[in-house]
Amino acid sequence: LEMIVRTSKEFNFTISAIHHGLETWKIPDLMAENDITVATFTDLWGYKQEAYDGSVNGPSILTDSGVKVALKSDHPVLNAADLMYQAGRAVYYGWTETD
């Protein structure tokens, strides 16, 4: 993730959002400094190797650092109707209702 941010600066392009950003909670300052929105899941982690480092606290860590966060369903793999449950779990893990 840090490399793509450096590359965007070198080649002068903007990163609007990182999708499936399960590890972005580790670098919230980098996301905030570069005004990158993170589209992620509340508690979808550990289902494959690249998802092992996801955190249920990720959305609240990012938001507390000034990062815009969008919860995603990954429809049709995960039903979009479950987004309200994702939001509920995010609040349970520390997101506020106004985030």
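Trainee: With which residues is Thr42 in contact, leaving aside its neighbours within four places in sequence?

Mentor: In this predicted model, local features need pLDDT of at least 70, side-chain atom pairs count only at pLDDT 80 or more, and totals for chains, interfaces and linings use all residues. Residues are numbered from 1 along each chain as its sequence is written, and side-chain values use heavy atoms, with hydrogens and water left out. Contact means heavy atoms within 4.5 Å. On that criterion, and with neighbours within four places in sequence set aside, the partners of Thr42 are Ser55, Val56, Pro59, Leu71, Gln86, Ala87, Arg89, Ala90 and Tyr93.

Trainee: Is Thr42 buried or exposed?

Mentor: Thr42 is found in the loop between strand S2 (37-40) and helix H3 (58-64); helices (H or I, at least four residues) and strands (E, at least two) are DSSP runs, numbered from the N terminus. Buried means under 20% relative accessible area, exposed over 50%, and partly exposed in between (1.4 Å probe, protein chains only). Because its relative accessible area is 1%, Thr42 is classed as buried.

Trainee: Which residues have the most contacts inside the largest nonpolar core?

Mentor: A nonpolar core is a set of buried Ala, Val, Leu, Ile, Met, Phe, Trp, Tyr and Cys residues joined through side-chain atoms within 4.5 Å. The largest such core has 14 residues, and helix H2 (28-33) and strand S3 (69-71) each supply at least two residues of this core. Leaving aside neighbours within four places in sequence, Met31 is in contact with Val5, Ile18, Thr24, Ile36, Val38 and Val67. The residues with the most contacts inside the core are Val5, Met31 and Ile36.

Trainee: Which residues that line the largest cavity are the closest to its centre?

Mentor: On a 1 Å grid over the protein atoms alone, a cavity is a set of points where a 1.4 Å probe fits but cannot get out, and lining residues have an atom within 4 Å of a point. Grid points are joined across faces, edges and corners, and a volume is the space filled by probe spheres set on the points. The structure holds one cavity of 30 Å³ or more, and about 60 Å³ of space lies in the largest cavity. Of the 15 lining residues, the closest to the centre are Leu22, Thr40, Phe41, Gly54 and Ser55.

Trainee: Which element gives the most to the lining of the largest cavity?

Mentor: By class, this lining has seven nonpolar, seven polar and one charged residues. Here Ala, Val, Leu, Ile, Met, Phe, Trp, Tyr, Cys and Pro count as nonpolar, Asp, Glu, Lys and Arg as charged, and the others, Gly among them, as polar. With three residues, the element that gives the most is H3.

Trainee: What is the angle between the planes of Tyr92 and Tyr93?

Mentor: Rings of Phe, Tyr and Trp (its six-membered ring) pair if their centres lie within 6.5 Å; planes under 30 degrees apart count as stacked, over 60 as edge-to-face and the rest as tilted. The structure holds one aromatic pair. Tyr92 is exposed at 68% relative accessible area, whereas Tyr93 is partly exposed at 28%. Their rings lie 5.1 Å centre to centre in an edge-to-face arrangement, and the angle between the planes is 80°.

Trainee: What is the phi of His20?

Mentor: Most residues other than glycine have a negative phi. His20 is found in the loop between strand S1 (17-19) and H2, and is partly exposed at 36% relative accessible area. Its phi is positive, near 60°.

Notes. 1 Å grid on protein atoms, 1.4 Å probe; cavity = no way out; pocket = protein on both sides within 12 Å on 5 of 7 lines; lining within 4 Å.
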